[in-house]
Amino acid sequence: MKTIFEKIIDREIPADIVYEDDISMAFLTIDPTTKGHILLIPKLPFPRMQLVPDELLSDLFIRTKRLMNAMIQGLSCDLVQINVTGEEVPHFHIHLIPRKHGENLGNISPQTTYQNTEERLLVIDKIKSAL
């Protein structure tokens with residue numbers, strides 16, 4: 001049985017894709033903590049981080065760093081918080097959450113929504129332009 005992330009990878013369900021290459025995909029989460037909150041996933045389904053081969057894990061964190069830099073530049077945030085939990089979907093993923101100094105970094109629960117499709121597309125475009 002496919003996870004929701006595998007369905008996104010296979011284009012069976014839509015997603016707001018920010019970045020994609022041969023091994024990974026990044027897209028806006030449906031429950032953002034802040035606007036621009038994205039998930040980076042490997043295209044191969046590993047349920048937990050400890051099961052991801054070292055070379056792939058290394059490549060994913062290099063992509064995380066690139067995305068973080070693009071998010072800081074494109075979204076004018078101060079930093080990007082990363083979080084790896086994996087409880088909600090059994091497919092390893094990295095949360096990248098744009099933040100401003102002074103925010104409660106311990107809170108990663110959903111706290112915002114997008115007003116409309118145009119706002120989501122603008123956020124995606126800002127990140128992609130900075131990549």
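Buried means under 20% relative accessible area, exposed means over 50%, and partly exposed lies in between (1.4 Å probe, protein chains only). I wrote that down before opening the structure.

**Entry 1: ground rules.** I am reading a predicted model, where local features need pLDDT of at least 70, side-chain atom pairs count only at pLDDT 80 or more, and totals for chains, interfaces and linings use all residues. Residues are numbered from 1 along each chain as its sequence is written, and side-chain values use heavy atoms, with hydrogens and water left out.

**Entry 2: Thr-3.** I looked up Thr-3 in the segment before α1 (4-9); helices (H or I, at least four residues) and strands (E, at least two) are DSSP runs, numbered from the N terminus. Is Thr-3 buried or exposed? Its relative accessibility is 13%, so Thr-3 counts as buried. Leaving out residues up to four places away in sequence, Thr-3 touches Val-89, Pro-90 and His-91. Contact here means heavy atoms within 4.5 Å.

**Entry 3: Ser-24.** Next I went to strand β2, where Ser-24 is found. Ser-24 counts as buried because its relative accessibility is 0%. Beyond four places away in sequence, the residues that Ser-24 touches include Tyr-19, Leu-40, Leu-60 and Arg-63. I also noted that Ser-24 and Leu-44 are 20 residues apart in sequence and 8.2 Å apart in space, C-alpha to C-alpha.

**Entry 4: the nonpolar cores.** A nonpolar core is a set of buried Ala, Val, Leu, Ile, Met, Phe, Trp, Tyr and Cys residues joined through side-chain atoms within 4.5 Å. Which residues touch the most other members of the largest core? They are Leu-28, Ile-38, Leu-40, Val-52, Leu-96 and Ile-127, out of 23 residues. Two or more residues each come from β2 (24-28), β3 (38-42), α2, β5 (94-99) and α3. The largest share, six residues, is from α2. Apart from this core I found another, of eight residues, among them Phe-5, Phe-27, Leu-39 and Val-89.

**Entry 5: α2 and α3.** Helix α2 (residues 54-75) packs with helix α3 (residues 117-130) at an angle of about 120°, and their axes are 8 Å apart. Axes are lines fitted to C-alpha atoms, for helices over the stretch in contact, with angles from 0 to 180 degrees between N-to-C directions. The two helices are therefore oblique to each other (under 35 degrees is roughly parallel, over 145 roughly antiparallel, 65 to 115 roughly perpendicular, and the rest oblique). From α2, the contact uses Ala-70, Met-71, Gln-73, Gly-74 and Leu-75, and from α3 it uses Val-123, Lys-126, Ile-127 and Ala-130.
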